[in-house]
Amino acid sequence: MPSVINLLEKFGHFNDYWNPRVIGELNGQQVKLAKLQGAFEWHHHEYEDELFFVVQGRLRMQLRDGDQVLNQGDMLIVPRGVEHCPVAETEEVWLMMFEPATTLNTGNLNNERTRSKLEQI
């Protein structure tokens, strides 16, 4: 039987930044949560689109063609191949993402922020 998932309860399970956790999977896609603070890295995903949904806070998504600002309750789909850099400038951001299970959080980059194996909560 399917279980109800409470996002606020799941966000209470972790306090670190830029380390996505998986809270569900469907049809080869994963639903991920992350807390953000500060700026990430410029990157792109060659094969995957990404959906970003702001649960709490304010996120500025830097794009080469201009920035998009997401407030609580806003979502943005970044198409594959589009270079982007998420920035949580002034406050902690709680973010839900929906993307293929194969998607690396750093896309075309491989550095200390790359998470190849995600914790499921």
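Me: Which residues do ring pairs link into a cluster?
Reply: Phe11, Phe14 and Trp94. Rings of Phe, Tyr and Trp (its six-membered ring) pair when their centres lie within 6.5 Å; planes under 30 degrees apart are stacked, over 60 edge-to-face, the rest tilted. The model is predicted: local features need pLDDT of at least 70, side-chain atom pairs count only at pLDDT 80 or more, and totals for chains, interfaces and linings use all residues. Residues are numbered from 1 along each chain as its sequence is written, and side-chain values use heavy atoms, with hydrogens and water left out.

Me: How many aromatic pairs by that rule?
Reply: Three. In one of them, the ring centres of Phe11 and Trp94 are 4.6 Å apart with planes at 15 degrees, so that pair is stacked.

Me: Where do Phe11 and Trp94 sit?
Reply: Phe11 is in helix α1 (residues 7-11) and Trp94 in strand β7 (residues 84-100), 83 residues apart. Helices (H or I, at least four residues) and strands (E, at least two) are DSSP runs, numbered from the N terminus.

Me: Phe11 and Trp94: buried or exposed?
Reply: Both are buried, meaning under 20% relative accessible area (1.4 Å probe, protein chains only).

Me: And what about Trp18 and Phe40?
Reply: Stacked, at 4.7 Å centre to centre and 25 degrees between the planes. Trp18 lies in the loop between α1 and β1 (21-26), Phe40 in the loop between β2 (29-39) and β3 (50-56), so the pair ties together parts 22 residues apart in sequence. Trp18 and Phe40 are buried.

Me: New topic. Which charged end sits over the ring of Trp42?
Reply: That of Arg64, 3.7 Å from the ring centre. The rule: NZ of Lys or CZ of Arg within 6 Å of the ring centre and within 35 degrees of the ring normal.

Me: What sits over Phe14?
Reply: The charged end of Lys35, 5.3 Å from the ring centre.

Key
Buried < 20%, exposed > 50% of the residue type's maximum accessible area, 1.4 Å probe, protein only.
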